Amino acid sequence: MGNDDRPYDVVLLGATGFTGELTAEYLAGHAPADTRWALAGRSPDRLAAVRDRLTAINPACKDLPLLRVDTGDAASVREMAESARVVATTVGPYVRYGEPVVAACARAGTDYVDLTGEPTFVDEMYVRHHAEAVRTGARIVHACGFDSIPHDLGTYFTVQHLPEGTALRVEGFLRAAGAASGGTLHSAVGIVGGLPRMVRAERERRRVEPRPAGRRVRLLRGPLPRARRAGWTLPMPTIDPQIVCRSAAALQRYGPDFSYGHYISLKRLPSAVGLAAGAVGMTAAAQVPPTRALLLKLIEPGDGPSAERRARNWFKVRFVGEGGGRRVVTEVSGGDPGYDETAKMLGESALCLAHDDLPPTAGQVTTATAMGDALIGRLQRAGISFRVLQQP
Ligand SMILES: NC(=O)c1ccc[n+]([C@@H]2O[C@H](COP(=O)([O-])OP(=O)(O)OC[C@H]3O[C@@H](n4cnc5c(N)ncnc54)[C@H](OP(=O)(O)O)[C@@H]3O)[C@@H](O)[C@H]2O)c1
């Protein structure tokens, strides 16, 4: 906890967007009454309309401060960063809009959380702003939504149930029902349409990032060996395994030789084939401007799944951890992964940085490294389940 003299504990930037408004609703319903928080966005009228809707949830939101912030206006971003202890931003695609906010928070020593799942963005921000954030004490925590909290904290939770000081192997298996918003679609198309930039960013990061001394951390790539499969599994090359491996590199508790594999589990072969074909089709369509434009028209920014649809969505991530002769199976589960639970995860991450007693960290850090046990406790109290299913 620092910067106590600043006017706001938490500023939520992007409060007028689909996920931003859900996060604002979560904070309106769950932030402790003494939390000094504010809404930020580029349109004062739209911000005022969001505040009116929040006031119906919690009358205390009537006087919530509204800050006009456009990521293209450096002065407005700087003022926001200097006025807050924590900035939570849902303004994406992050590769397009995100850097000014990270840069201003790193410079001002302001803690930062976002919802990015874009590896290019995270790697570029590490290369450009990590060192300054370390210097100022800012904790820059990307991927505080469904990407990648269940996977990162689920692995952290699993490791706590395995022996210390020995080689550990953890595999995560996702099952979920969900639907995408416009912001998510635009960000996903940006990821698969920008593969050369992603490779360059990863290479540049590898060049400057120190490796853990005397320890090994490995990402298991490719299909799961047949003997270890139950049902249909496909490797999931999202940002999640990268984040898990960064936590393992930062925390001694993951042991001298840690490996992680990340998969999606499907009950039926046609679903596995459909998912693989969909991913290949989207990647191909995102390479060429006319098909990319058609793809982006499928869902407009600001749109997303209805409350009725979200109420039917769910997720379960099962982890199988092995090491030192022990095997443990754990599970993280909850409701609508992409939006209702993501808003909860982002809101609780911001409150955790603002209010909890946490291990000292600075620079670009993961949720497990910066907030580990405290954030798991918060999410459990908020209805996201972390449990052990089997242990010897
Ligand atoms: N990791 C996860 O699990 C997860 C889950 C959900 C969402 N996300 C990510 O979160 C991001 C937002 O998604 P969404 O569906 O909520 O998007 P959205 O509805 O399009 O909202 C985007 C927000 O950004 C604001 N914005 C755009 N340009 C801006 C600028 N120059 N300055 C200030 N604000 C600006 C918009 O303001 P206006 O209202 O003024 O247009 C809006 O508030 C996406 O990158 C998405 O991938 C991640």
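## Exercises: a helix, a domain and a cavity

In this predicted model, helix α3 (residues 74-83) has S76, V77, M80, A81 and S83 buried, where buried means under 20% relative accessible area with a 1.4 Å probe on protein chains only. Helices are DSSP runs of H or I with at least four residues, and strands are runs of E with at least two, numbered from the N terminus. Residues are numbered from 1 along each chain, local features need pLDDT of at least 70, side-chain atom pairs count only at pLDDT 80 or more, and totals for chains, interfaces and linings use all residues. Side-chain values use heavy atoms, without hydrogens and water.

**Exercise 1.** Find what covers the buried residues of α3.

*Solution.* Start with the strands: β1 (8-13), β2 (37-41), β3 (66-68) and β4 (84-89) are among the cover.

**Exercise 2.** Describe the chain over residues 10-140.

*Solution.* First, the UniProt record, an unreviewed entry, lists this range as "domain: Saccharopine dehydrogenase NADP binding"; such annotations may be inferred rather than shown by experiment. Next, the range is 53% helix and 18% strand. Finally, its end C-alpha atoms lie 14 Å apart.

**Exercise 3.** Work out which elements and residue classes line the largest cavity.

*Solution.* Step one: the lining consists of V102, M125, Y126, H129, H130, A133, I140, H142, G363 and Q364. Step two: α6 (119-136) and β13 (363-364) each give two or more residues, with α6 supplying the largest share, 5 residues. Step three: sorted by class, the lining has 5 nonpolar, 5 polar and no charged residues, with Gly counted as polar and Tyr as nonpolar.

Terms used. 1 Å grid on protein atoms, 1.4 Å probe; cavity = no way out; pocket = protein on both sides within 12 Å on 5 of 7 lines; lining within 4 Å. Buried < 20%, exposed > 50% of the residue type's maximum accessible area, 1.4 Å probe, protein only. Contact = heavy atoms within 4.5 Å.
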